[in-house]
Amino acid sequence: MLNLIRNENMKIYNRLRTWVLIALLVLASILLAALSQTVANHSNQDWQSVTRQQVEMARPGLNDTDNLVKKSSERIVKIGEYRLEHNLPPEDHQLWGAVRDASGLLVLVTIFTVIVAADIVAAEFSTGTIKLLLIRPVNRTKVLLSKYLATLLFGLLLVAVLFLSSLLANGVLLGFGGAGSPYLLLGADGHVHERSMLLHILSVYGLNSVSLLMVVTLAFMISTVFHSGSLAIALSLIVLLLSNVLLFALHNYDWMRYYLFANTDLTPYLEGSPPLFQGMTLGFSIAVLCAYFVLFNGLSWLLFTRQDIRS
Amino acid sequence: MDKPTVQIKGLTKKIGSRLIIDNLSFEVPRGEIFGFLGPNGAGKTTTIRMMVGLMKPTDGDVWIEGKSIRREFEQAIRHVGAIVENPEMYKYLSGYKNLVHYARMVPGVSPERIAEVTRLVGLEARIHDKVKSYSLGMRQRLGVAQALLHKPTLLILDEPTNGLDPAGIRELRDYLRALARNEGISIVVSSHLLAEMELMCDRVGIIQNGRLIDVRLIRDFVSAGETERYLFQVGAPDQAAALLREQGVAVNSTEEGLEVGVGAEQIADLNEQLVRAGIRVYGIWPVKKSLEDKFLEMTGGEPLA
């Protein structure tokens, strides 16, 4: 199995295309860092007065009848006061904030990984190499699994590249001074806790990678079932780009809660903000995600292991 | 020498309601080169794909070294080296990396073995170049190299000479013969080119419309059913034809000369009479039917290639 994955990696990383994608991602994260730097410079008020303003604006909400408003106000007030008291500037315009915001570029990571996923099975068919690949003493399940894992590894690599390049780019532009500041969290006990900022940022990346995993799995499935890389890229990107539009347009229909992209964002559950549909829970979303995951990979597997190779 | 390398029994393939391969059975003993001959679309490639597990038979099975390709795929296929149609390789990798790729999929292929097969097919000088820069002949040789990498006892080559120039074809042929003779490898080749099969194979099976219509040794094939015919080349064909017909001999006047259906003894007599009648005889040849003629006869004049 390890050898099979090494083979797939060899085929991925010996192509110029792969390195162009990686370079583009690095470039994008540097550009984003430079851009947000210039924007940040315009609003260069000192952070204490900004925080004090925010706290004062949120204070009336503490007595609001709406539980949600009350909760979010409480968070702003308590964390703001804690910052002022302990002289902990917010991360927004600092190194970690910038790295956190760079997680928006995970869309790019998704697109790039989809390009690789779309090709990894389909290209073997279109070039005819599938015939020499499948006449080895290795069953088809293992071949397919090695391709899937190599694709996920590539996605993981891109996430790491994005994280590190935005960390370095922003570090150079903003300085590494804020690197030691903690992440502040309002616990259930009503007290503010200091947590590791690095872990927090990693969890932001991890949560955003859920949609990456699902879209890439979808692209891999289309690639395997239809043997067409371009179809796989087109379909999965359309699905990805239209996901929010669809959610917005059809959000009155209750069955939309079973829609894949209604469940890919797990942050509301962890932050305690309201879910997209009444009654959705973390468990529900994970179950839906698992169902899609099994469906996509099951289809890939069924077709790949059973079909006659005629190309 | 005991068991045949390949045993095929009742192999059948239906796609939808169409019968592509109909109840095919044959065996290939150790060290034999078996030719699989038939017009395009007769089912050669489908049969080969079923033999290597790329397609699933509707019925019947293929045993390689006694292992069923359907039920013991991994044990069966490890004895097989194959090129199915064109030797399609990863063009963006070097020849060497292509070989490494396939070597990793079979346990026990050492770097030395990779170097060995590279030398065997004469690609040492170019093995680290990308496959996209290779000529068709070089790709074919790389294809042979990947097929031999794991020391198979059965080599299956589908239309191996497709796209090769005459020198390349000759080279491949000599090479395959040497493999079968020296290493006892059994080889199954398919082709629609008769002349090539005649030179390369020990035995041929003729397939038409998915049925194996005949299997025989190539030398039996060439000499079988030969009715004796001779060709006279003479100075005055019309006069000679008339004279021969007077003798009660069936004469067929062709562009090359006069074809007569008689035995060797009678030929001498006929010659004497022609010479006596003052007709100049330039040559007498026995007429041999080519494999191609026989093939056309057997397949009912189905066009080839």
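## Core around Val52(B)

In this predicted model, Val52(B) touches one residue of chain A, Ile135(A), listed together with Ile69(B), Phe73(B), Ile77(B), Val80(B), Ala82(B), Val84(B) and Ile156(B); residues up to four places away in sequence are not counted. Val52(B) is among the residues with the most contacts inside the largest nonpolar core, which has 150 residues. Tyr205(A), Leu155(B), Ile156(B), Leu176(B), Ile187(B) and Val189(B) are the others named in that group. Helix H9 of chain A, residues 197-226, gives this core its largest share, 14 residues.

In soluble globular proteins, nonpolar side chains tend to be buried together.

## Nonpolar residues at the surface

A nonpolar patch on the surface is formed by Leu16(A), Val20(A), Leu24(A), Leu27(A) and Leu31(A). Together these residues have about 490 Å² of accessible area. Leu27(A) belongs to helix H2 of chain A, which covers residues 16-42.

## Surroundings of Trp96(A)

Trp96(A) is part of helix H5 of chain A, residues 95-101. Trp96(A) has a relative accessibility of 7%, and therefore counts as buried. Beyond residues up to four places away in sequence, Trp96(A) touches Glu91(A), Phe163(A), Leu167(A), Gly178(A), Ala179(A), Ser181(A), Met197(A), Leu198(A) and Ile201(A). Ser29(A) is 67 residues from Trp96(A) along the chain, with 14 Å between the two C-alpha atoms.

## Interface of chains A and B

The size of an interface is often given as the accessible area lost when the parts come together. For chain A and chain B the buried area is about 3,000 Å², with 57% of it on carbon and sulfur atoms. Chain A contributes 28 residues to the contact and chain B contributes 31 residues.

The interface of chain A and chain B has 3 salt bridges. Glu88(B) and Lys131(A) form a salt bridge through their side chains, at 3.0 Å from N to O.

## Salt bridges within the chains

Over all chains, the structure holds 26 salt bridges. One of them joins Asp119(A) to Arg15(A), with the closest N and O atoms 3.5 Å apart. This pair links distant parts of the chain, 104 residues apart: Asp119(A) is in helix H6 (residues 106-127) of chain A, and Arg15(A) is in the loop between helix H1 (2-13) and H2 of chain A. Asp119(A) has a relative accessible area of 19% and is buried, whereas Arg15(A), at 25%, is partly exposed.

In chain B, Glu85(B) and Arg49(B) form a salt bridge whose closest N and O atoms are 2.6 Å apart. Glu85(B) lies in the loop between strand S6 (80-83) and helix H3 (95-103) of chain B, and Arg49(B) lies in helix H1 (residues 44-51) of chain B, so the pair ties together parts 36 residues apart in sequence. Arg49(B) is buried, with a relative accessible area of 3%, while Glu85(B) is partly exposed at 29%.

Asp174(B) and Arg170(B) also form a salt bridge, with the closest N and O atoms 3.7 Å apart. Both residues are in helix H6 (residues 166-183) of chain B, 4 residues apart, about one turn of the helix. Asp174(B) has 41% relative accessibility and counts as partly exposed. In chain A, Glu8(A), Lys11(A), Glu124(A) and Lys147(A) are joined into one network by salt bridges that share partners.

Notes:
Residues are numbered from 1 along each chain as its sequence is written. Chains are lettered from A and ligands numbered from 1 in the order in which they are written. This is a predicted model: local features need pLDDT of at least 70, side-chain atom pairs count only at pLDDT 80 or more; totals for chains, interfaces and linings use all residues. Side-chain values use heavy atoms; hydrogens and water are left out. A nonpolar core is a set of buried Ala, Val, Leu, Ile, Met, Phe, Trp, Tyr and Cys residues joined through side-chain atoms within 4.5 Å. Buried means under 20% relative accessible area, exposed over 50%, partly exposed in between (1.4 Å probe, protein chains only). Helices (H or I, at least four residues) and strands (E, at least two) are DSSP runs, numbered from the N terminus. Contact means heavy atoms within 4.5 Å. Patches are made of residues with over 30% relative accessible area and no salt bridge: like charges are joined within 9 Å, nonpolar side chains (Val, Leu, Ile, Met, Phe, Trp, Tyr) within 5 Å. Accessible areas come from the Shrake-Rupley method with a 1.4 Å probe; for residues, only the protein chains shown count as cover. A salt bridge is a side-chain nitrogen of Lys or Arg within 4 Å of a carboxyl oxygen of Asp or Glu. Buried area is the accessible area (1.4 Å probe) that two parts lose on being put together, summed over both.
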